[in-house]
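Please open the model in your viewer and keep the selection panel at hand.

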Amino acid sequence: MPPSPYSAPDNLGEALGLAAAPGARVLAGGTDLLIQTRAGRLAPTAMVDLKRIDRAMGIRPAGQGFVIGAATPCTALRDDAALVAAWPGVVEAASLIGSVQVRNRASLGGNLCNASPAADSVPALIAAGATAVVAGPGGEREVPVEAIPAGPGRTTLAPGELVIELRLPPRPPGGGDAYLRLTPRTEMDIAVVGVGAALVLDGSGRCTAARIALGAVAPTALLVEAAGAALVGTKLEEGAIAAMLAAIDAAISPIDDQRASAAYRRRIAGVLATRAVARAAARARGEQA
Amino acid sequence: MSKLHITTTVNGDPAEFLCEADDSLLAALRGPLGLTGTKEGCGSGDCGACTVMLDGSMVCSCLVLAAEAQGRRVETVEGLAEGGALHPLQQRFLEHGALQCGFCTPGLLVAARALLERNPDPSEEEARYWLAGNLCRCTGYDKVIRAVLDAGRDLRQDHGEKVA
């Protein structure tokens with residue numbers, strides 16, 4: 001009898017063995033994989049469900065940081081008070097995906113490995129400095145989240161590799177993050193542009209670290225290091241924001257599609273980045289935002 | 001390829017069925033399990049007509065593989081009424097005429113029950129956001145929301161009586 005094309009192993013070793021088969025796909029929440037398979041865009045030879053593997057599910061403290069199982073549904077993030085307090089931008093990004101029904105299935109690992117340029121959680125994770133734990137036949141490695149997407153629908157994962165966990169560092173003292181996106185409707189829509197911002201302010205309000213990441217304005221979610229660098233050493237004055245916007249404008253390469261024109265995306269990227277930085281800064285100062 | 005044999009719990013009762021590996025839970029419910037209350041609208045997780053509860057969280061059954069139900073708890077719209085007594089949500093949907101063609105209604109009922117179990121006193125805004133993944137293409141949402149808020153009131157009253 002040929003092996004079942006669906007399997008739900010309860011340990012990572014078995015999952016890696018099954019995922020090593022040519023054409024096998026890893027199943028987390030299925031909110032992209034099952035749709036693409038039915039539409040004929042993907043033809044997996046086997047589906048390896050991660051949801052019965054303990055490491056792939058749930059949110060665990062790790063020092064002052066967090067480990068999020070790659071297949072953990074997005075709704076679990078909002079239910080974790082410590083995570084909401086530490087990384088509200090990551091949680092708000094995950095809470096924007098689809099409907100409640102979709103968020104009860106969709107996961108950070110799936111959002112990342114589906115590699116849509118418009119994935120909401122990815123810019124927020126990148127801004128927060130999150131890493132992905134990649135497991136494969138050769139063992140495990142931990143890489144920055146921004147190293148995973150390679151282009152629309154493509155990742156840098158080698159055949160047989162999968163993302164088993166996302167890791168978030170401790171929120172630094174004086175740190176704050178935020179994610180904002182634009183969609184024509186408030187719910188059930190895909191980002192025209194999304195911006196994640198994370199920064200650290202010292203006691204005088206001077207920015208000592210900043211990471212700005214954008215979605216839906218390039219073939220992958222994009223970390224714009226120069227945009228963050230433009231804020232460091234400043235008190236986020238007008239000139240610093242202008243320098244950040246110039247860095248973003250130079251880095252992005254938006255396209256025209258059914259959701260928006262490239263020119264509109266370019267303009268909105270700046271608007272959202274300005275607002276996301278303001279929101280992250282308010283959180284860094286301990287204000288409700 | 002031989003079919004998969006799945007044992008699960010549906011609306012509190014043990015259930016088993018045979019399915020192909022790529023069958024959806026929706027197809028298993030409507031086919032071998034004969035529970036046709038759950039509807040297929042879009043088949044892509046956008047419309048919510050196929051909403052069911054899986055281990056206590058509401059999901060689109062079109063985006064769940066039937067095989068994933070192994071050992072899990074599934075609840076469908078057929079589990080709402082107790083015996084001959086309609087659930088307060090069903091009663092309020094009737095009174096408000098919160099439907100026209102009725103195709104979205106089973107999904108709306110399951111989703112609304114999940115809301116009221118989590119928060120028996122939602123604001124109108126909370127109810128509208130919670131039900132954003134349930135599309136109605138006939139009548140709009142006003143009567144639906146009024147029915148849900150009224151049913152919440154009914155359930156709070158029932159609960160109050162039991163406590164008293």
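Select A:R60, which stands opposite A:V67 in β5(A). The model is a predicted one: local features require pLDDT of at least 70, side-chain atom pairs count only at pLDDT 80 or more, and totals for chains, interfaces and linings use all residues. Residues are numbered from 1 along each chain as its sequence is written, chains are lettered from A in the order in which they are written, and side-chain values use heavy atoms, with hydrogens and water left out.

Strands here are DSSP runs (E, at least two residues), and helices are runs of H or I of at least four residues, both numbered from the N terminus. Two strands pair if DSSP finds at least two bridges between them.

Now display the whole open sheet of five strands, ordered β4-β5-β10-β6-β7 in chain A with antiparallel pairing. At its edges are β4 (59-62) and β7 (139-144) of chain A, each pairing on one side only. From one strand to the next, the twist averages 25°.

**Second stop: a four-stranded sheet in chain A**

Select β11, β12, β13 and β14 of chain A, which form an open antiparallel sheet in that order. β11 (175-182) and β14 (222-223) of chain A each have a single partner strand, so one side of each is left without a neighbour in the sheet. Between β13(A), residues 207-215, and β14(A) there are two bridges; A:L214 has A:L222 as its bridge partner in β14(A). Helix α11(A), residues 262-284, lies across β11, β12 (193-201) and β13 of chain A, at about 150° to β11(A).

Show both chains: 31 residues of chain B are in contact with 27 residues of chain A. Three salt bridges cross this interface (a side-chain nitrogen of Lys or Arg within 4 Å of a carboxyl oxygen of Asp or Glu). Finish on one of these, joining A:K51 and B:E68 at 2.7 Å, N to O.

Terms used: Contact means heavy atoms within 4.5 Å. Axes are lines fitted to C-alpha atoms, for helices over the stretch in contact, and angles run from 0 to 180 degrees between N-to-C directions.
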